[in-house]
Amino acid sequence: MVLGATGYVGGELLRLLAVHPEFKLLAAVSTSQAGQPIAATFSALAPAWPNLTFSTPEDSLAMLADVDRLALFSAAPHGASAAMVAQFVAAAHSHGVELHVVDSSADFRYRTAADYEAVYASTHGASELLADFEQGVPEHVAATSKQHVGHPGCFATAALLAAVPLCASSFAPSSLFINGITGSTGSGRSPLPGTHHPERHSNLYAYKPLAHRHAPEIAAYIATAGGGDVRVNFVPHSGPFARGIHVTLQAELPNAVSVDDLRQHYRDYYANASFVRIVDGTPRIKDVVTSNYCHIGVAAEGNNVVVMSAIDNLVKGAAGGAMQWMNRLWSLPETHGLLATAPAWT
Ligand SMILES: NC(=O)C1=CN([C@@H]2O[C@H](COP(=O)(O)OP(=O)(O)OC[C@H]3O[C@@H](n4cnc5c(N)ncnc54)[C@H](OP(=O)(O)O)[C@@H]3O)[C@@H](O)[C@H]2O)C=CC1
Ligand SMILES: CC(=O)N[C@@H](CCC(=O)OP(=O)(O)O)C(=O)O
């Protein structure tokens, strides 16, 4: 079941679920499009879902009376997601349904309501559930006993995959300088001045330098992943493309490191990670967009290092990362339904 199913992340979840070998779509939940065909909102998905219509939250809650197990994805906006998830958790409990939730919004990305409220300046919608949620990208959490997961955001995913192997090493820096460039789908389907085509096309600009709300999230997740207390200086940029995130991380290390040693360190760290590839040169978003892969490249000169990562914001940064976690929560192979590569030329 997918909450926020008419959104960009919701649409990607529906696309991934169409080819998943185990999960069967029970309901695509929408308030605005309930009763309308999925194919009317996502014409690209018509071959996969020619007849299925969006369901109201109320009808979707009622469906829990007829199932034994439920994988619940939330792609609702932060602030709305937690309360919706709480309704489904309560309904699952009362019907004896085995449930795992993966939330792509910010609502379960922090361990405490106070940490969430400090960043989002609004009361958490279901603080009683926070203890049941794991936080992190799957590559940085070896095992979890938690029932549910709050997935990091797309900028955070790209930044963390680049940062954690460095910060969790014996040569960890005390500060990171991170530039991130995101495509316009990162801001969701509602048109905004910053996503309007004439503004975005053939343009590139930074926004909220050193003040973006995802900087504390990146720092918190680095600490959770064993990277300690590192200062994160984050400058996001709007890029002239629809999908993809490119992150460039720079740091000064306590000692010099060779580029070969640094690259080998990353290869060793991600040796068992199916979706992270350490490239010899520099990563490119065209090599990962639409896929669940992350490409990472490194450079070093004396004490100064650069780590670059590229992901698809909607897949590895949201729907695909959520699917990877959901596979793991149900003890399925983590790669189920996610191994398609990028087309590269689109
Ligand atoms: N876009 C991206 O690259 C990424 C997004 N995320 C997170 O994933 C979530 C979804 O993002 P995205 O798909 O881009 O967002 P969209 O705005 O495209 O979609 C969100 C969907 O949620 C539903 N919704 C809107 N308002 C409410 C509300 N008040 N209560 C319940 N449902 C509501 C809407 O569907 P309807 O009105 O039909 O119910 C809407 O289509 C967000 O929390 C975002 O932060 C995370 C990583 C990357
Ligand atoms: C909506 C939202 O936060 N989506 C993404 C990130 C894109 C982003 O950080 O975009 P803005 O700078 O426009 O917020 C997320 O949840 O991580």
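Just after helix α4, G96 adopts a positive phi of about 70°. Helices here are DSSP runs of H or I with at least four residues, strands are E runs of at least two, and both are numbered from the N terminus. This is a predicted model: local features need pLDDT of at least 70, side-chain atom pairs count only at pLDDT 80 or more, and totals for chains, interfaces and linings use all residues. Residues are numbered from 1 along each chain as its sequence is written, ligands are numbered from 1 in the order in which they are written, and side-chain values use heavy atoms, with hydrogens and water left out.

Helix α4 covers residues 81–95, 15 residues in total. Its first and last C-alpha atoms are 21 Å apart, close to the 21 Å expected at 1.5 Å a residue; that expectation is 1.5 Å times one less than the number of residues. Its buried residues are S81, A82, M84, V85, A86, F88, V89, A91 and A92. Buried means under 20% relative accessible area (1.4 Å probe, protein chains only). Their cover includes α3 (57–62) and the strands β1 (2–3), β2 (69–74), β3 (98–103), β4 (133–135) and β5 (148–150).

The largest nonpolar core has 42 residues. Such a core is a set of buried Ala, Val, Leu, Ile, Met, Phe, Trp, Tyr and Cys residues joined through side-chain atoms within 4.5 Å. L166, L176 and I222 have the most contacts inside it. Helix α6 (residues 154–167) supplies the largest share, 12 residues. Beyond its neighbours within four places in sequence, L166 is in contact (heavy atoms within 4.5 Å) with residues including F171, L176, L249, L262, Y266 and V305. A second, separate core of 38 residues includes A319, L329, L332 and L338.

| Residue, part | Ligand atom | Distance |
|---|---|---|
| G7, backbone | ligand 1, oxygen | 3.1 Å |
| Y8, backbone | ligand 1, oxygen | 3.0 Å |
| N313, side chain | ligand 1, oxygen | 2.8 Å |
| G186, backbone | ligand 2, nitrogen | 3.1 Å |
| Y207, side chain | ligand 2, oxygen | 2.8 Å |
| H212, side chain | ligand 2, oxygen | 2.7 Å |

The protein covers 77% of the 870 Å² of accessible area that ligand 1 has on its own. Ligand 2 alone exposes 400 Å², and the protein buries 76% of that. These areas follow the Shrake-Rupley method with a 1.4 Å probe.

Technical notes. Buried < 20%, exposed > 50% of the residue type's maximum accessible area, 1.4 Å probe, protein only. Polar contact = N/O pair within 3.5 Å; in protein donor to acceptor, adjacent residues only side chain to side chain.
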